Amino acid sequence: MPERAHTPIHVAAGVLIEQGRVCVTRRRPDAPQGGKWEFPGGKLEPGETPLAGLRRELHEELGIEVEQARPLVKLVHRYPDVEVLLDVWTVTRYRGTPHGREAQPLDWVALEALDPRDFPEADRPVLRRLQLPPLYAVSDAARLGLDEFARRLARALEAGVRLVQLREPHLPRADFCRYARRLAALCRAAGARLLVNADPSWVAECDADGVHLSARRLMAATGRPLGLDRLVAASCHDAAELTRMQSLNLDFAVLGPVQPTASHPGAATLGWTRFAQLSGATPAPVYAIGGLRPADVARARAAGAQGVAMIRGLWDAADPGAAVREALAAACSG
């Protein structure tokens with residue numbers, strides 16, 4: 001019995017996306033995590049493969065026949081009373097019209113409107129993988145100048161950048177927050193989010209959408225510094241820092257440097273093989289960083305990354321907008 005109690009419950013779940021909206025169902029009030037929304041699916045039967053279980057569960061729950069699906073993420077989550085192995089698949093083709101065959105409420109919700117507080121804890125890394133873009137733009141205003149960087153950012157936002165990190169440690173707090181509010185307005189008008197690489201207590205003053213923790217702040221943190229309504233990310237360089245990021249329930253990590261960089265010549269690099277090993281060991285989304293260009297997005301995603309975080313590879317381009325479009329195209333091909 002003790003050995004059986006520690007065996008994770010293997011669950012297959014499916015993500016169906018149509019025109020930017022994802023299919024979710026509500027758990028019964030008397031079930032564990034009752035009343036929460038979730039991705040449809042359920043426990044595998046003995047000897048059943050994840051894909052076979054997914055097909056059976058989605059037929060039973062939604063009345064559809066899954067024709068094609070690809071793995072999205074596999075993760076283990078430990079609740080106080082049970083451990084769950086969640087096998088999540090993206091359903092790319094199916095027959096039929098999804099409906100609640102077990103009288104469960106069903107809805108199609110815009111990706112950006114999915115609120116992690118409405119879902120079981122095990123689903124939250126899945127939500128972030130679905131919501132986060134393949135490109136994370138990191139500021140370079142110290143080198144380019146505040147006004148010039150703002151102009152380049154405006155072109156990048158117009159081309160499709162949707163996640164930006166303001167990292168300007170040279171600026172005093174008042175100047176940093178003033179500049180952050182300027183960039184936050186640009187981002188918000190474009191439907192993008194701005195994270196500040198600063199003390200988490202600055203976020204409200206900066207009118208930012210979250211915080212990006214340096215590795216030093218990450219290792220010194222005693223808990224998640226902001227609520228689930230804000231994004232919290234961290235810079236990581238090794239397995240220990242990634243483990244710390246997971247233990248704090250952060251939303252995503254940036255891992256590197258993958259390749260040599262102009263800003264840190266001679267620094268040790270991970271390379272793609274080690275990056276893939278480290279990113280594959282964490283369920284949270286991970287961005288590759290370090291000496292990367294727009295075309296590297298496809299390679300990064302093949303190595304298990306959410307995408308790439310770029311500085312010079314983006315801002316040194318003659319046309320930042322063209323660089324963004326190249327990166328997004330590479331993400332589609334990857």
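Gln 19 is exposed, with a relative accessible area of 84%. You'll find Gln 19 in the loop between strand E2 (17–18) and strand E3 (21–26). Its C-alpha atom is separated by 9.8 Å from that of Leu 111, although the two residues are 92 apart along the chain. Keep in mind that this is a predicted model. The average pLDDT for the protein is 93, and 98% of the residues score at least 70.

**How confident is the model?**

**A buried aspartate**

- Asp 87 belongs to strand E7, which covers residues 83–95.
- Is Asp 87 buried or exposed? Its relative accessibility is 4%, and buried means under 20%, so Asp 87 counts as buried.
- Which side chain does the side chain of Asp 87 meet in a polar contact? It is the side chain of Trp 89, at 3.4 Å.
- Setting aside neighbours within four places in sequence, Asp 87 is in contact with His 10, Val 11, Ala 12 and Ala 13, and also with Pro 50, Val 73 and Lys 74.

**The largest pocket**

- The largest pocket has a volume of about 1,400 Å³.
- It is lined by 44 residues, and the closest to its centre are Arg 129, Leu 130, Gln 131, Leu 132 and Gln 306.
- Which elements each supply at least two residues of this lining? They are strand E6 (65–78), helix H3 (124–131), helix H10 (271–280) and helix H13 (320–333).
- E6 provides the largest share of the lining, with 5 residues.
- Sorted by class, the lining of the largest pocket has 22 nonpolar, 13 charged and 9 polar residues.

**Backbone spots to look at**

- Gly 256 and Pro 257 are joined by a cis peptide bond, with omega at about 5 degrees.
- Pro 257 lies in the loop between strand E14 (252–255) and H10.
- Ala 103 has a phi near 65 degrees, which is a positive value in a residue other than glycine.
- Look for Ala 103 in the loop between E7 and strand E8 (106–110).
- Is Ala 103 buried or exposed? The relative accessibility of Ala 103 is 71%, and the cut-off for exposed is over 50%, so Ala 103 counts as exposed.
- Asn 249 also has a positive phi in a residue other than glycine, near 60 degrees.
- Asn 249 sits in the loop between helix H9 (239–247) and E14.
- With a relative accessible area of 39%, Asn 249 is partly exposed.

- Leu 228 is in the loop between helix H8 (215–220) and strand E13 (231–236).
- Although Leu 228 and Asp 251 are 23 residues apart along the chain, their C-alpha atoms are separated by 8.8 Å.
- Not counting residues up to four places away in sequence, Leu 228 touches Pro 116, Arg 117, Arg 124, Arg 128 and Asn 249. Asn 249 is the residue whose phi is near 60 degrees.
- Where is Arg 312? Its place is in helix H12, residues 312–315.
- Arg 312 counts as partly exposed because its relative accessibility is 31%, which falls between the 20% and 50% cut-offs.
- Between Arg 312 and Ala 137 there are 9.8 Å in space, C-alpha to C-alpha, while the pair is 175 residues apart in sequence.
- Leaving aside neighbours within four places in sequence, Arg 312 is in contact with Asp 140, Arg 143, Ala 262, Ser 263, Arg 293 and Ala 317.

Notes. Residues are numbered from 1 along each chain as its sequence is written. This is a predicted model: local features need pLDDT of at least 70, side-chain atom pairs count only at pLDDT 80 or more; totals for chains, interfaces and linings use all residues. Side-chain values use heavy atoms; hydrogens and water are left out. pLDDT is the predictor's confidence in each residue, from 0 to 100. Helices (H or I, at least four residues) and strands (E, at least two) are DSSP runs, numbered from the N terminus. Buried means under 20% relative accessible area, exposed over 50%, partly exposed in between (1.4 Å probe, protein chains only). A polar contact is a pair of N or O atoms within 3.5 Å; within protein, one must be able to donate a hydrogen and the other to accept it, and residues adjacent in sequence count only if both atoms are side-chain atoms. Contact means heavy atoms within 4.5 Å. On a 1 Å grid over the protein atoms alone, a cavity is a set of points where a 1.4 Å probe fits but cannot get out, and a pocket is an open set with protein on both sides within 12 Å along at least five of seven lines; lining residues have an atom within 4 Å of a point. Grid points are joined across faces, edges and corners, and a volume is the space filled by probe spheres set on the points. Ala, Val, Leu, Ile, Met, Phe, Trp, Tyr, Cys and Pro count as nonpolar, Asp, Glu, Lys and Arg as charged, and the others, Gly among them, as polar.
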